[in-house]
Amino acid sequence: MDPLGWAAVLLLIGLALAVLEVFVPSGGIIGFLSILAALAAIVLAFRQGYGYGLGFLGAAVVALPAALALALHWWPATPMGRRILLPVPTPDEVLPDDERLNLKSLVGQVGQARSLMLPSGLVAIQGHHVDAVSEGMVIEAGQWVRVIEVRGTRVVVRPTDPQTLPSDPKDPLSQPIDTLGLNPFEDPLA
């Protein structure tokens with residue numbers, strides 16, 4: 001075989017070793033051998049002529065990055081790639097939750113603390129879990145709380161007594177009179 005044939009074989013071996021380095025963890029040894037094979041191919045081509053040497057140099061400069069890009073494109077589908085990389089989230093997983101957009105509707109609602117709040121923690125309100133902050137006091141897990149305000153995305157809660165909780169928030173007879181906006185001491189005829 002002539003030296004140009006050997007140069008072509010060495011360049012192909014270099015490309016194959018570069019692709020193999022992506023799939024087989026070797027600590028860079030296979031990649032180093034790949035570079036040595038490509039350099040040997042370029043040197044053999046330059047010995048045959050300046051034009052051949054530039055041709056092999058150009059082929060190596062284009063083919064090595066292209067081979068590595070293709071190998072890295074296929075790598076996530078390999079068993080090792082699936083173990084290392086996280087799965088791509090679905091569009092439903094990255095969309096914002098509609099409940100977070102309607103935090104203002106939680107003002108006045110009653111829920112139960114699901115974690116110790118020092119001053120922040122998790123609160124269950126109407127079957128939804130919401131990150132909340134107390135007004136600076138410690139709230140024990142399981143304690144009833146009322147949402148007093150929403151500041152941006154921060155839900156502020158205050159502990160409340162379970163005896164004062166209305167049985168049905170839409171039933172005006174089960175709510176305290178001061179929450180209805182009525183004054184019992186005001187003369188309705190005056």
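Tutor: Keep in mind that this is a predicted model. Let's begin with a pair of strands: strand 3, residues 128-134, and strand 5, residues 154-159, pair in the parallel sense over three bridges.

Student: How should I think about strand pairing in general?
Tutor: In a sheet, strands pair through backbone hydrogen bonds, and the pairing is either parallel or antiparallel. Here you can see the antiparallel kind too: strand 1 and strand 4 run antiparallel and are joined by three bridges. Gly-111 has Val-145 in strand 4 as its bridge partner.

Student: In which sense do strand 1 and strand 2 pair, and over how many bridges?
Tutor: They are antiparallel, with two bridges, and Gln-112 stands opposite Ala-124 in strand 2. The two strands form a hairpin, with six residues between them.

Student: What do the five strands build, and in what order do they run?
Tutor: They make a closed barrel with the order 1-2-3-5-4, and its pairing is mixed. From one strand to the next, the twist averages 55°.

Student: Which residues touch the most other members of the largest nonpolar core?
Tutor: That core has 14 residues, and the ones touching the most other members are Met-117, Val-147, Val-155 and Val-157. Strand 2 (120-125), strand 3, strand 4 (144-151) and strand 5 each supply at least two residues of this core. Strand 4 gives the most, with three.

Student: What surrounds Val-157 once its neighbours within four places in sequence are left aside?
Tutor: Its contacts include Met-117, Ala-132, Ile-139, Val-145 and Val-147, and also Ser-134 and Ile-148. Apart from this core lies another one of nine residues, among them Ala-7, Leu-11, Ala-41 and Ala-60.

Student: Now to the helices. How do the axes of helix 2 and helix 3 cross?
Tutor: For a helix pair, look at the distance between the axes and then at the angle. The axes of helix 2 (residues 29-48) and helix 3 (residues 50-74) come within 5 Å and cross at roughly 155°. Helix 2 is therefore roughly antiparallel to helix 3, as angles over 145 degrees count that way. The crossing is right-handed.

Student: Which residues meet where helix 2 and helix 3 are in contact?
Tutor: On the helix 2 side they include Ser-34, Ala-38, Ala-41, Ile-42 and Phe-46, and on the helix 3 side they include Tyr-50, Leu-54, Leu-57, Ala-60 and Leu-64. You have met Ala-41 and Ala-60 already, as members of the nine-residue core.

Student: Where is there a cis peptide bond?
Tutor: Look between Leu-118 and Pro-119, where omega is about -5°. Pro-119 sits in the loop between strand 1 (110-113) and strand 2.

Student: And which residue has a positive phi although it is not a glycine?
Tutor: That is Gln-126, with phi of about 50°. Gln-126 lies in the loop between strand 2 and strand 3, and its relative accessible area of 56% makes this residue exposed.

Definitions and conventions. Residues numbered from 1 in each chain as written. Predicted model: local features only at pLDDT ≥ 70, side-chain atom pairs only at ≥ 80, totals over all residues. Heavy atoms only, no water. Pairing = 2+ DSSP bridges. Helix = DSSP H or I, 4+ residues; strand = E, 2+ residues; numbered from the N terminus. Axes fitted to C-alpha atoms, helices over the stretch in contact; angles between N-to-C directions. Core = buried A, V, L, I, M, F, W, Y, C linked by side-chain atoms within 4.5 Å. Buried < 20%, exposed > 50% of the residue type's maximum accessible area, 1.4 Å probe, protein only. Contact = heavy atoms within 4.5 Å. Parallel < 35°, antiparallel > 145°, perpendicular 65-115°, else oblique. Left-handed = near helix turned anticlockwise from the far one by under 90°.
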